Amino acid sequence: MEEIIWKDEFSVGIARMDEQHKKIIAMINRLIREQKVVTEPETVAKLLTEMTDYTREHFRAEEYLMSEYGYNRKDHQVKRHKEFIKKTMDFCSASNVGPNILSVALLEYLSTWLVDHILTEDMQYKAFFEEKGVV
Ligand SMILES: [Fe+2]
């Protein structure tokens with residue numbers, strides 16, 4: 001399982017959102033690395049919780065910005081964000097029963113979803129916020 005490498009094309013044009021996306025990517029990459037070594041399940045659970053909590057915070061910040069400027073695709077974003085959190089939690093509770101709580105399926109889901117979300121849905125707000133002067 002490959003780590004995610006940040007590319008300039010991931011930039012949504014708002015510095016703090018890019019920073020938050022980079023931090024989430026770093027947290028997912030840390031989990032990808034953990035999967036290759038034998039780690040205490042508690043450590044993995046802690047990292048996973050930290051990643052989910054931070055992502056939740058990021059979604060809140062993004063949604064707040066969308067409300068503030070009246071972005072018309074906010075509802076869709078909120079829906080997608082909720083789906084991500086729910087799916088991640090479902091994965092966690094399902095895999096918690098086994099010894100290998102970090103399944104490749106979960107990591108693949110996390111990295112594919114995030115990159116895809118940034119490149120498609122988040123990218124749609126780039127021009128909108130640029131026009132509003134949000135950098
Ligand atoms: Fe988003």
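Predicted model: local features only at pLDDT ≥ 70, side-chain atom pairs only at ≥ 80, totals over all residues.
Residues are numbered from 1 along each chain as its sequence is written, and side-chain values use heavy atoms, with hydrogens and water left out. Local features need pLDDT of at least 70, side-chain atom pairs count only at pLDDT 80 or more, and totals for chains, interfaces and linings use all residues.

**Exercise 1. Identify the protein donors of the iron ion and give their spacing along the chain.**

Step 1. Donors are N, O and S atoms within 2.8 Å of the metal (3.2 Å for Na, K and Ca); water is not among the atoms, so sites may look incomplete.

Step 2. The iron ion has as protein donors Glu 62 (OE), Gln 77 (OE1), His 81 (NE2), His 117 (NE2) and Asp 122 (OD), at 2.1 to 2.5 Å.

Step 3. Along the chain these donors follow E-x14-Q-x3-H-x35-H-x4-D. Gln 77 belongs to helix H3 (residues 74-95) and Asp 122 to helix H4 (residues 104-131), so this pair ties together parts 45 residues apart in sequence. Helices are DSSP runs (H or I, at least four residues), numbered from the N terminus.

Step 4. Gln 77 and Asp 122 are buried, where buried means under 20% relative accessible area (1.4 Å probe, protein chains only). His 117, in helix H4, counts as buried at 1% relative accessibility.

Step 5. Contact means heavy atoms within 4.5 Å. Beyond its neighbours within four places in sequence, His 117 is in contact with Glu 62, Gln 77, Arg 80, His 81 and Asp 122.

**Exercise 2. Describe the aromatic pair of Phe 59 and Trp 113.**

Step 1. Rings of Phe, Tyr and Trp (its six-membered ring) pair if their centres lie within 6.5 Å; planes under 30 degrees apart count as stacked, over 60 as edge-to-face and the rest as tilted. The structure holds twelve such pairs.

Step 2. For Phe 59 and Trp 113 the centres are 6.0 Å apart and the planes at 65 degrees, an edge-to-face pair.

Step 3. Phe 59 is in helix H2 (residues 41-69) and Trp 113 in helix H4, so the pair ties together parts 54 residues apart in sequence. Both residues are buried.

Step 4. Phe 59 and Trp 113 also belong to one aromatic cluster with Phe 84, Phe 91 and Tyr 109.

**Exercise 3. Check the span of helix H1 (residues 15-35) and state what covers its buried residues.**

Step 1. The expected span of a helix is 1.5 Å times one less than its number of residues.

Step 2. The 21 residues of H1 should span 30 Å, and the end C-alpha atoms are 30 Å apart, which agrees.

Step 3. Buried residues of H1 include Met 17, His 21, Ile 24, Ile 28 and Leu 31. The cover over the buried residues of H1 includes H2 and H4.

Technical notes. Helix = DSSP H or I, 4+ residues; strand = E, 2+ residues; numbered from the N terminus. Buried < 20%, exposed > 50% of the residue type's maximum accessible area, 1.4 Å probe, protein only.
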